[in-house]
Amino acid sequence: MIEALSEAVNDILGTFGISPKYSNAMKLESHIIEKSLCVVIGVVDRNGDKKGVLSFEFDKPVVLDLLAAMVPGIDVDVESEMGISAISEIANMVTGKLLTKLGFVGMTTPPTGIIGQNMKGLLNTTYAYKITYRWQNGSMAVTFSLT
Amino acid sequence: MDKQVAEQIIRSFVGATMNVYRSLTNTELVPGGIEKAPSLLFKTSGVVILLSFSGAFAGRTILATSEKMMEFIHECIMDEKPTQDDLLVTANEFGNMVIGHAVTDINNRFRGSNVRPTPPSSYIGENLTFFNFKMSAYNVVFKSRHGDLKLNVALEEGAK
Amino acid sequence: MMTKKRILLVDDSPLVRNLIRKFLSKTDDFEVVGEASNGEEAVKLFFQLKPDIVIMDVTMPVKNGLEAAQEILCQEPGAKILLASAMGDDDLLDQALAIGIKHSIQKPFKQAQLIDALNKVLEE
């Protein structure tokens, strides 16, 4: 699971010419998020038997770098609709890649972008796999849980 | 999406929310009318439950309320005062029951639509903003003795 | 004095388990003898405790309720299982029937609904 997730993220970041300097992976008891900027996508198979959540948490410097790669030459506010739309698109791409690598035949939900202060979220009560990437004085964490 | 279809989906969520709240708390939620949301951005502070679903109809539903109201729901179930983490778990389970009821109703109304929920998620924080794109959103506000609960349903344009 | 019927509670939500435990503690007919938070634990505890009825959630980590029920019924065809799920659509009920589960209840439920459902399972 971690390998497929890592490959999916690296594939997509690579298309934008981004190579994170550092990454580490861990297994969590439950799927929680704590950063103030994130995108959430749900996945479910056609029978509804297997269902899960992908979350993408971002620090602002990392988002600025992604935006610069996606829409070069255009100044985009990280917390604007355009900014959130762009990172939602990245989240969608990673999700698609991951499901293909896992051979998961199913449906995804529309991505939801979330910004908040002092925010904490509980996305799934089952264990989750989290990979954190660091670059540009910030980090991006991708977490996947599947019941 | 056809306006009548959207309304039926929203009514499924309205009914589910009222039924689940009544079952757990023995008190009533009184719904207001369905109103088209002015924007796809949903802003709130407090506790938010995000319910996403896909199938012939795809979208997401937000239930937003105060920490105080979620504490009330928690105490009805657990007979104890909750921590913040407890509130997230209670909100998660509340959301699970609402989406279960709503999706059951939608699949019964629209046979063959195979709408499936994904795991509910719950959030606590201030100045929370939820962004969605290429969807139409609708609001319903419920009133109760213990506070207001806002329902915001966003549906993807075009059935799959 | 009539012996209380022994219940094994299976649900990954501690809230739901607490709610059911609360309901059953108010009756003279049922007592909770064990609790499991996933299907794998459920199967293990079933054969350890041999309860009269299992109240089984569907969506759980490690092993889901339908898989656990199937495993139990394979070895113990007379096992009495009440499926409890937030979903109540025909697909799920068909899947349950195919495995041999004839009774289900949709969450959340009132105490009276739960007791009624448990009595129907016992009448089987």
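Predicted model: local features only at pLDDT ≥ 70, side-chain atom pairs only at ≥ 80, totals over all residues.
A crossing is right-handed if the near helix is turned clockwise from the far one by less than a right angle.

**Entry 1. Helix pair in chain B**

I looked up how helix α1 (residues 3-25) of chain B packs against helix α3 (residues 84-109) of chain B, and found an angle of about 140 degrees with the axes 8 Å apart. Angles over 145 degrees would count as roughly antiparallel; α1(B) is therefore oblique to α3(B). I then checked the hand, and the crossing of α1(B) and α3(B) is right-handed.

Next I listed the residues in contact. From α1(B) I noted B:Gln8, B:Ile9, B:Ser12, B:Phe13, B:Gly15, B:Ala16, B:Thr17, B:Asn19 and B:Val20. Their partners in α3(B) are B:Phe94, B:Met97, B:Val98, B:His101, B:Ala102, B:Asp105, B:Ile106 and B:Arg109. Sorted by class, this contact of α1(B) with α3(B) holds nine nonpolar, six polar and two charged residues.

**Entry 2. Chain A against chain B**

I turned to the contact between chains A and B, where 32 residues of chain A meet 30 residues of chain B. I asked which elements of chain A give two or more residues to this side, and found β3 (37-45), β4 (51-58), α3 (81-102), β5 (106-108) and β6 (112-124). Of these, β6(A) gives the most, with 13 residues. By class, the side of chain A that touches chain B has twelve nonpolar, 16 polar and four charged residues.

**Entry 3. Chain A against chain C**

I looked up the contact of chain A with chain C and found five residues of chain A against four of chain C.

**Entry 4. Chain C by itself**

I read the secondary structure of chain C as five helices and five strands. From the N terminus on, its elements run β-α-β-α-β-α-β-α-β-α.

I then looked at overall dimensions. The C-alpha trace of chain C spans about 35 × 30 × 30 Å along its principal axes. A compact globule of 124 residues would have a radius of gyration near 14 Å, and the 13 Å of chain C agrees with this.

For burial, I found that 44% of the 124 residues in chain C are buried. Finally, I looked at sequence separation: among contacts in chain C between residues at least 6 apart in sequence, 59% join residues at least 24 apart.

How values were computed: Residues numbered from 1 in each chain as written. Chains lettered and ligands numbered in written order. Axes fitted to C-alpha atoms, helices over the stretch in contact; angles between N-to-C directions. Helix = DSSP H or I, 4+ residues; strand = E, 2+ residues; numbered from the N terminus. Parallel < 35°, antiparallel > 145°, perpendicular 65-115°, else oblique. Contact = placed C-beta atoms within 7 Å. Nonpolar A, V, L, I, M, F, W, Y, C, P; charged D, E, K, R; others polar. Rg over C-alpha atoms; globule rule 2.2 N^0.38 Å. Buried ≥ 20, exposed ≤ 12 C-beta atoms within 10 Å, placed from the backbone.
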